[in-house]
Amino acid sequence: MRLDWVPALSRPDLLAAPVRSALEGMQSGGRADVSALEVAEIDPDLADTAALVEATGLDMQDMANCIVIAGARAGQERVCAAVVLGTTRADVNRTVRTILDVRKCSFMPMDDAVGRTGMEYGGITPVGLPEDWPVLVDAAVLGRASVVIGSGVRRSKLRLPGVLVARLPGARSVEGLAL
């Protein structure tokens with residue numbers, strides 16, 4: 001299966017509302033060259049990274065996953081997103097926990113993540129997350145010419161330069177984020 005990549009903002013129907021809004025804001029604010037972001041329509045059953053790689057022959061090294069993590073300190077919730085390559089997993093119990101400065105953290109429950117991001121489960125992306133959420137990006141993501149990530153909906157994927165992921169609002173590169 002071949003994916004047909006087009007400029008992301010040329011197909012707003014393939015983007016979740018928060019993703020579209022974030023891209024439009026980035027474009028008008030001159031914060032990033034959004035022309036480098038592309039979108040491709042996929043079968044929603046292929047939203048899972050492994051399934052998409054198997055169906056398309058994309059390199060797993062060029063896939064990135066975004067997870068939403070929550071913890072609490074002194075009764076105050078602390079939330080972040082973590083972006084790692086598809087070949088790795090985020091070090092939630094050590095690196096993310098330390099960055100959030102919490103005793104314990106875990107993946108945000110699916111219903112909460114979907115409700116709070118305005119994105120579909122299996123399509124959550126670092127583009128368009130709530131502005132007060134830090135986005136931790138594994139340094140290995142920056143080394144990829146491009147990465148494929150969610151678009152906020154299960155029926156499409158975004159492709160963008162790896163270095164651009166760390167330029168997204170709230171994003172910062174973190175060495176050792178991935179296991």
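I67 is partly exposed, because its relative accessible area is 22%, and partly exposed means between the buried limit (under 20%) and the exposed limit (over 50%), using a 1.4 Å probe and protein chains only. What you are looking at is a predicted model, where local features need pLDDT of at least 70, side-chain atom pairs count only at pLDDT 80 or more, and totals for chains, interfaces and linings use all residues. Residues are numbered from 1 along each chain as its sequence is written, and side-chain values use heavy atoms, leaving out hydrogens and water.

Now find I67 in strand 3, which covers residues 64-73; strands here are DSSP runs of E with at least two residues, helices are runs of H or I with at least four, and both are numbered from the N terminus. Setting aside residues up to four places away in sequence, I67 touches C80, A81, A82, A90, V92 and F107, where contact means heavy atoms within 4.5 Å. L46 sits 21 residues from I67 along the chain, and their C-alpha atoms are 18 Å apart.

Let's step back to the whole protein chain. You can count six helices and nine strands in it. Its radius of gyration is 15 Å, close to the 16 Å that the globule rule gives for 179 residues, so the chain is as compact as a globular protein of that length. That radius is taken over C-alpha atoms, and the rule is 2.2 Å times the number of residues to the power 0.38. Along its principal axes, the C-alpha trace spans about 45 × 35 × 30 Å. Of the 179 residues, 45% are buried.
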